Amino acid sequence: MTTQTHHVDHELIEAAAEVARTRCRGDNHTMAAAARARDGRIVTAVNAYHFTGGPCAELVLIGTAAAQGAYELDTIVAVGDRDRGVVPPCGRCRQVLLDYFPALKVIVGTGDRVRTVRITDLLPESYVWADHQLDAE
Ligand SMILES: [Zn+2]
């Protein structure tokens, strides 16, 4: 078992929970995410549901962070609306987060069992996109 436990950033969970409580609405916005950027600031976002594959809150957050000049994220957490608490990233988000931020930490678990794990621990034997961009010489 390679999973390491890390300090849990409760301020980050609360930031996501606050956005989930106050900004999620109807069926379009049901999840909130918060990330701690490398420089310490917190960036938040909500999902944009659409049947064609609208992005999860984690993916919206990547763009939101970039729009604010935050290109390096340290930790991320997602919280569901209607008091669903911390929700782990879906498979697609795990892959995207791994490719963007290989050293990212993710807060998962419920209630008093929330914990911080590495994105690589959530995607064992992972496909690393960058490793397969071979030169076409
Ligand atoms: Zn997702």
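Which residues of helix α3 (residues 91-100) are buried? Keep that in mind as you move through this predicted model.

**Stop one: the annotated span.** Select residues 8-130. In an unreviewed entry, UniProt lists them as "domain: CMP/dCMP-type deaminase". Now pick the C-alpha atoms at the two ends of this span. They lie 29 Å apart. Colour by secondary structure: 28% of the span is helix and 24% is strand.

**Stop two: helix α3.** Select residues 91-100. The buried ones are Cys-93, Leu-97 and Leu-98. Look down the axis of α3. These residues sit on the same side of the helix, because they cover an arc of only 130° around the axis. An α-helix has 3.6 residues a turn, so residues three or four places apart point the same way.

Next, show what covers this buried side. The cover includes α2 (57-67) and β3 (73-80).

**Stop three: Asp-83.** Go to the loop between β3 and β4 (85-86), where Asp-83 lies. Check the backbone angle. Most residues other than glycine have a negative phi. Asp-83 is not a glycine, yet its phi is positive, about 60°. Is Asp-83 buried or exposed? Asp-83 counts as exposed, because it has 9 C-beta neighbours inside 10 Å and the cut-off for exposed is 12 or fewer.

**Stop four: Glu-125.** Move on to the segment after β6 (115-118) and select Glu-125. Here is another residue that is not a glycine but has a positive phi, about 50°. Glu-125 is exposed, with 4 other C-beta atoms within 10 Å.

How values were computed. Residues numbered from 1 in each chain as written. Predicted model: local features only at pLDDT ≥ 70, side-chain atom pairs only at ≥ 80, totals over all residues. UniProt positions renumbered as here; feature names shortened; annotations may be inferred. Helix = DSSP H or I, 4+ residues; strand = E, 2+ residues; numbered from the N terminus. Buried ≥ 20, exposed ≤ 12 C-beta atoms within 10 Å, placed from the backbone. Arc of directions from axis to C-beta. Contact = placed C-beta atoms within 7 Å.
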